[in-house]
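Let us walk through a protein structure together, one piece at a time. Keep the picture open beside you as you read.

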Amino acid sequence: MENRAVILGTRAVTVDYPGVRALDAVTLDFRAGEIHAIVGENGAGKSTLMKVISGAMRPTEGELELAGHSANFAQPSEAIAAGIAMVHQELNLVPTLTVEENIALGREPTGVLGIAVDHRAQRAQARELLALLGSACETGELVSSLSIGQAQCVEIAKCLARDARVLIFDEPTAVLGEQEAARLFVQLRRLRDEGRAVIFISHHLDEVVTIADRVSVLRDGQLVESFARDQSGSLRDARGRSVDAGRLAAAMVGRELGSLFPNKGAAIGGQPAIELIDFGARGISQGISLSVSSGEIVGIAGLVGSGRSETAQAIVGLRPQAGRILLAGSAVRFESAGAAMRAGLAYVSEDRKGSGLHLSLSSIANVTLPSLDAYTSRGGLHVDSNAERATTNRWIDTLGIRCARPDSPIALLSGGNQQKIALARWLETNPKVLIIDEPTRGVDVGAKAEIYQIIAQLARDGLACIVISSDLPELIGLAHRVVVMRGGRVVGGASREQLALRNCEERIMRIASGLSAELEACA
Amino acid sequence: MNRLSSRLQEALERWGVLIAFAILFAISSFKQGFDFVNPENFRALLNSNAPVGILAVGMTLVIVSGGIDLSVGSMVVLAAALGTTAMNAQIAGESSELNAVLIGGAVTIAAGIAAGCINGALIVFGRIAPFIATLGGLAAFRSMSLAIADAGEIRSQSATLFSALGRGGIPIPGLENAAGKPLTISFSTVIFLVVAVVAQWFLSRARFGRHLIAVGANETAARYSGLSISWIRFRVYAIMGLLAGIAALVQSSRMNSVSTSQLGLGSELDAIAAVVIGGTSLQGGFGRVWGTVVGVLILGMITNMLTISGVSPYWQGAIKGAVIVLAVLVQRPSRS
């Protein structure tokens, strides 16, 4: 395994930020034909390391080694020229151009005069690269009409068109559904087998265990442990013991994690807090009947595109709805999120950046926005900023939010802390029913456990919780029962007893992907 | 070193507009042969820039909400034309001058609000981009005023009262101008400053201001937070109309006439320029009225200095343009 050539190495790379050492003498090798995963909690130094490698930042000390020669990149363009390409989480494609135009962008093949684009050559190149990746998308299609998985593939092809020898994937599966992620892994393996070096960053430790040939763990800026896959194909630590996701998580946080999930406790079998009757988001989902009692956590599983989020948005009035909603027994219908909020419903969006939070505004402004009326007097002319600050500080304490100052923009906070701000924003409205969409997307392991504790505590305090998640272990560990959606309908479910069974995850997955049909009373 | 320069950058972003103003003010006072900080200088500056200042204050709110209003200059001329026409009709109809001025003023303000509401309705209910909707207003409101007066001038028939409103002011005790007369602060300046203070209050202390910022920073997230986006956006254009009406009143009473082809021409660009110089983000979600006020004064001062120095008016646009671009360059957020 050690005989593969090192394409790129970091040599005692150290990066100091004001007051913080983000990377501390990290030495790593990235080899041809190897998928090398970098894991660590948010703030462990993964992004800083990638910035150094991709030329976005110069190390304070130490250097990079490129094919045996020392190198430091002053700019991203130098790294790209050296064959190092980053596949960004937010895809850098031009949606109004076609697939082939995007792949060739900036280095279009031209005709004899060097003016006109040689479309034939451009198309041939795009076809070749997409075939290499095993993608079936049409080269003449507009990027705006592609699915996220396809667009990601175009992005990879674009990197290959620039002769990338080292490809960095930063959380590539965060935006993908289960099937698309599987397809991406096929592509990663192809890239590896082609002799390129693949650097893979992910919070999903199961994925890392599945795909990585080598795993390096960063903690507080230091390289704390490395694991490599042996001949038999299993990942092992230095003492030769087999490594699983739990072992990786322990290395990341530096201690054995107790159970990630809190004790479920008994669901209070009270009156239903919310009942959906033959409900749906118009044009997307239909026929959903579900009731959730106070103190109960109900999970909604399903693949991306199964209509889970849209249904939740319809419940709180963000989309046109069909069917009926009973809230504490009486029929309601909301035209806006504001009306739903006043009736005691809260929806924490899956997309913090786009629709969940105001990243350019302060913690205070974010926390109090929906409940601003409570701080307002004299007909809206006066907002009591002292009360706002007190409330925000209280949430910072209760939820354990780590932020420097409550009046700084939240854009710089970690995913976990932003998610807690989003929770605070909605808990401050005193909801009776809380719908949380993807509660831990882009959140590191430590904060994940905290968020689970918070949700469990809220349920114990009598809140009816609906948790939508693509992370099945999360739903199984957290929810009292789970319903499964597919194609806009509820197609199955798992009771509390079924959730305790060992094969539960696989069963839910089969239902969600349509492999096994099951319709049992679960509502 | 790095830290120092980022500190400097931050300070420049925050206070640069004030520093620029202080430097320009010193130069301008010096050039005009007055003492370094002569109140008379300041009074004249505020007075002559009050109308565009009132527009710029409204423009700040519109831009904070993520919009733009290109029709402000045309709203001013339409409101002024309608108001003055109504006033003249009252005087011709033998009602008292006071009544006529009151009715004319009310019509001016109401016309401004109505024009603003039309903009707001087109943008909110017609789902037309603010740039396009108000571009329509820019053409239409001006054209309507030209039609009312055959592209000519509407002279006020009020003998004294209307222009007293435009030219009068409140004497400030204890301050005298160069000629030894008491320094008066004009009604238009008072209106400008009151409007600015109220708007700054709204932006930083009132619920409506917070909502404007939230909508401008991330409209989707604001909608998900239960805010009524339509109502918030409609109101900000209506308020812009109200301020255009007030600016129209200030302008027409000062001139005691309305030139339908000239009044308010190009004001939208001056107002937007002042907002930008003042440090408000054109992307929305952040803004400061006090910065806009300083921006208005900087623009006014530059025009003054150029005129006094005998720079051809044809060149003044180029220099103003350079100042606007420079202001944005200096205040642009540091790359991270």
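Before looking at sheets, we need one idea: two strands pair if DSSP finds at least two bridges between them. Please also keep in mind that this is a predicted model.

With that in hand, find the open sheet of 6 strands in chain A, whose order is S17-S20-S21-S14-S22-S23 and whose pairing is mixed. Strand S17 (345-348) and strand S23 (489-494) of chain A are its edge strands, each pairing on one side only. On average, and ignoring direction, neighbouring strands of this sheet are turned by 20° against each other. For a closer look at one pair, take strand S14 (residues 297-302) and strand S22 (residues 481-486) of chain A, which run in the parallel sense and share 5 bridges. Within this pair, A:Ala301 stands opposite A:Val484 in S22(A).

Which helix packs on the sheet and touches S14, S17, S20, S21 and S22 of chain A? This is helix H9 (residues 308-315) of chain A, whose direction makes about 150° with that of S20(A). Helix H15 (residues 445-460) of chain A lies across S14, S20 and S21 of chain A, and runs at about 150° to S21(A).

Chain A also has an open sheet of 4 strands, in the order S13-S12-S15-S16, with antiparallel pairing. Why is one side of strand S13 (288-293) and of strand S16 (330-332) of chain A left without a neighbour in the sheet? Both stand at the edges and have a single partner strand each, so one side of each has no neighbour there. The twist from one strand to the next averages 20°. Strand S12 (residues 272-281) of chain A pairs with S13(A) in the antiparallel sense over 5 bridges, and A:Glu275 stands opposite A:Ser291 in S13(A).

Now step back to the domains. Chain A is divided into domain 1 (1-83 + 165-256), domain 2 (90-163) and domain 3 (298-308 + 342-512). The C-alpha centres of domain 1 and domain 3 of chain A lie 30 Å apart. Their contact takes 10 residues from domain 1 of chain A and 11 residues from domain 3 of chain A. On the domain 1 side, helix H8 (residues 245-253) of chain A gives the most, with 3 residues.

Next, see where the chains meet. The contact takes 23 residues from chain A and 20 residues from chain B. The chain A side has 12 nonpolar, 11 polar and no charged residues. Is B:Tyr224 buried or exposed? B:Tyr224 counts as buried because it has 26 C-beta neighbours inside 10 Å, and 20 or more are needed for that label. Among its contacts are A:Leu318, A:Ala337 and A:Gly356.

Finally, look inside. In soluble globular proteins, nonpolar side chains tend to be buried together. The largest nonpolar core here has 237 residues, and those with the most contacts inside it are A:Ala157, A:Leu167, B:Leu243 and B:Ala244. Helix H10 (residues 229-255) of chain B gives the most to this core, with 13 residues. As for A:Ala157, its contacts include A:Ile103, A:Ala126 and A:Leu133. Apart from this core lies another, of 5 residues, including B:Met87 and B:Phe162.

Notes: Residues numbered from 1 in each chain as written. Chains lettered and ligands numbered in written order. Predicted model: local features only at pLDDT ≥ 70, side-chain atom pairs only at ≥ 80, totals over all residues. Domains from an automatic or database assignment. Contact = placed C-beta atoms within 7 Å. Helix = DSSP H or I, 4+ residues; strand = E, 2+ residues; numbered from the N terminus. Buried ≥ 20, exposed ≤ 12 C-beta atoms within 10 Å, placed from the backbone. Axes fitted to C-alpha atoms, helices over the stretch in contact; angles between N-to-C directions. Nonpolar A, V, L, I, M, F, W, Y, C, P; charged D, E, K, R; others polar. Core = buried A, V, L, I, M, F, W, Y, C linked by C-beta atoms within 7 Å. Lists of a residue's contacts leave out its neighbours within four places in sequence.
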